[in-house]
Amino acid sequence: MHTTDLRVALFSGNYNYTRDGANQALNRLVGYLLRQGASVRVYSPKVENPAFEATGELVNVPNVPLPGRGEYRMPLGLSRAVRRDLARFAPNVVHLSSPDPSGHAALAWARASGIPAIASVHTRFDTYPRYYKLGMMEPPLRAILRRFYGRCDAVLAPTEVIRQDYLAQGMNDDMRIWARGVDRNIFDRDRRDLAWRRSLGIADDEVAIGFLGRLVLEKGLDRFADVTTELTRRGVPFRVLVVGEGPAGEWFSERVPNARFAGFQTGADLGRAVASMDVLFNASITEAFSNVTLEAMACSLPVVAVDTTGSNHLVLDGETGRMIPPDDTGGFADALEAYIRKPELRAAHGAAGERHSHKWAWDPVNEAVVETYRDMIEARLI
């Protein structure tokens with residue numbers, strides 16, 4: 001089967017209305033598919049002023065603001081208009097990127113239509129409740145995920161660790177890998193800009209600990225704040241450079257008073273911001289792949305991260321950064337203090353990370369998805 005024979009219906013809970021690592025990967029996938037001659041139609045909530053222009057044709061699905069998180073939209077299923085559009089498009093594979101109501105409805109539609117359905121994992125939804133004091137919701141949420149992924153023909157995990165974890169949990173028997181890549185036209189150490197840092201109030205000789213991502217609690221903001229508080233208690237000199245925005249921004253600025261906020265950045269400006277950090281502190285445990293870790297590595301930054309599935313497949317502990325257990329505040333502070341006080345260590349681990357980052361390139365990564373599509377379609381024809 002040729003790539004030009006593919007007709008892909010992709011369902012996303014957030015394809016372009018806010019920017020995150022998941023929809024960046026999806027837009028890159030769609031761009032790759034279109035360049036290879038495939039036909040693609042994307043079904044996702046649309047808003048009046050999206051964060052960026054969508055790659056490919058985007059069809060709106062019914063949606064409402066997510067309670068308590070109005071910047072996100074909750075897809076509500078498939079309307080008659082969407083079902084008619086699907087029928088006209090006549091996909092031969094359905095790709096589901098989120099286990100939301102539209103994803104569940106699209107999965108049911110695909111199964112009823114005899115069309116293979118492939119799901120991709122982009123975040124650890126099962127870890128979210130603990131950040132909102134709803135830990136009792138984790139077991140039923142895992143059961144919902146198990147039912148959703150179990151009804152798919154195959155599931156694409158971003159890392160081998162997550163693949164093995166989901167196999168052990170009985171999510172699906174056919175778990176494959178769809179990794180992520182890094183855009184070296186954007187993320188490069190040569191984009192470091194000391195004048196830009198100065199404009200934010202960061203002196204040339206100050207070490208900037210970077211935060212990169214959405215300012216939401218599930219990104220580990222509390223852990224980040226606790227660790228920087230410990231560094232301050234120790235008398236360690238540093239600055240915090242925050243790249244991103246979100247509803248917890250005010251809370252974070254109160255907890256990390258010496259932070260400099262660069263706001264939302266994109267394209268070359270984002271590359272400049274990341275390269276202008278000195279070390280990345282990734283305090284999140286909800287990442288599935290952790291694009292931000294890879295982007296920092298490409299900019300020659302050492303990375304201090306939580307030893308969990310998001311970053312531990314990328315960071316070589318003691319060589320390109322440090323992996324620290326989630327609750328070890330002192331351990332995170334020790335790792336960051338070492339990079340702050342030892343510029344030669346910072347430079348050596350940053351350079352090693354940049355070399356290691358060359359393992360990830362987008363086209364071969366996305367071709368693995370195409371191969372999965374082909375396999376599932378051809379299996380239906382046997």
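**Figure 1. Surroundings of L33 in the predicted model.** L33 touches L6, V8, A38, V40, V370 and Y373, leaving aside residues up to four places away in sequence; a contact means heavy atoms within 4.5 Å. L33 and Y373 touch the most other members of the largest nonpolar core, which has 58 residues. Such a core is a set of buried Ala, Val, Leu, Ile, Met, Phe, Trp, Tyr and Cys residues joined through side-chain atoms within 4.5 Å. Buried means under 20% relative accessible area, exposed over 50%, and partly exposed in between, with a 1.4 Å probe and protein chains only. Helix α13 (residues 362-381) gives the most to this core, with 7 residues. A second, separate core of 31 residues includes F11, L78, F89 and L96.

This is a predicted model, in which local features need pLDDT of at least 70 and side-chain atom pairs count only at pLDDT 80 or more, while totals for chains, interfaces and linings use all residues. Residues are numbered from 1 along each chain as its sequence is written, and side-chain values use heavy atoms, with hydrogens and water left out.

**Figure 2. Crossing of helices α1 and α13.** The axes of α1 (residues 21-35) and α13 come within 10 Å and cross at roughly 75°. Because of this angle, α1 is roughly perpendicular to α13, a term for angles of 65 to 115 degrees. Axes are lines fitted to C-alpha atoms, for helices over the stretch in contact, and angles run from 0 to 180 degrees between N-to-C directions. Among the residues making the contact are A25, L29 and L33 of α1 and W362, V370 and Y373 of α13.

**Figure 3. The open sheet of 6 strands.** The strand order is β12-β11-β10-β13-β14-β15, with parallel pairing. Helices (H or I, at least four residues) and strands (E, at least two) are DSSP runs, numbered from the N terminus, and two strands pair if DSSP finds at least two bridges between them. The edge strands, β12 (259-263) and β15 (321-324), each pair on one side only. The twist averages 20° from one strand to the next. Strand β10 (residues 208-212) pairs with β11 (residues 239-243) in the parallel sense over 5 bridges, and L212 stands opposite V243 in β11.

**Figure 4. D307 and its contacts.** D307 is found in the loop between β14 (303-306) and β15. This residue counts as partly exposed because its relative accessibility is 39%. D307 touches N312, M323, I324 and P325, not counting residues up to four places away in sequence. L280 lies 27 residues from D307 along the chain, and their C-alpha atoms are separated by 14 Å.

Technical notes. Parallel < 35°, antiparallel > 145°, perpendicular 65-115°, else oblique.
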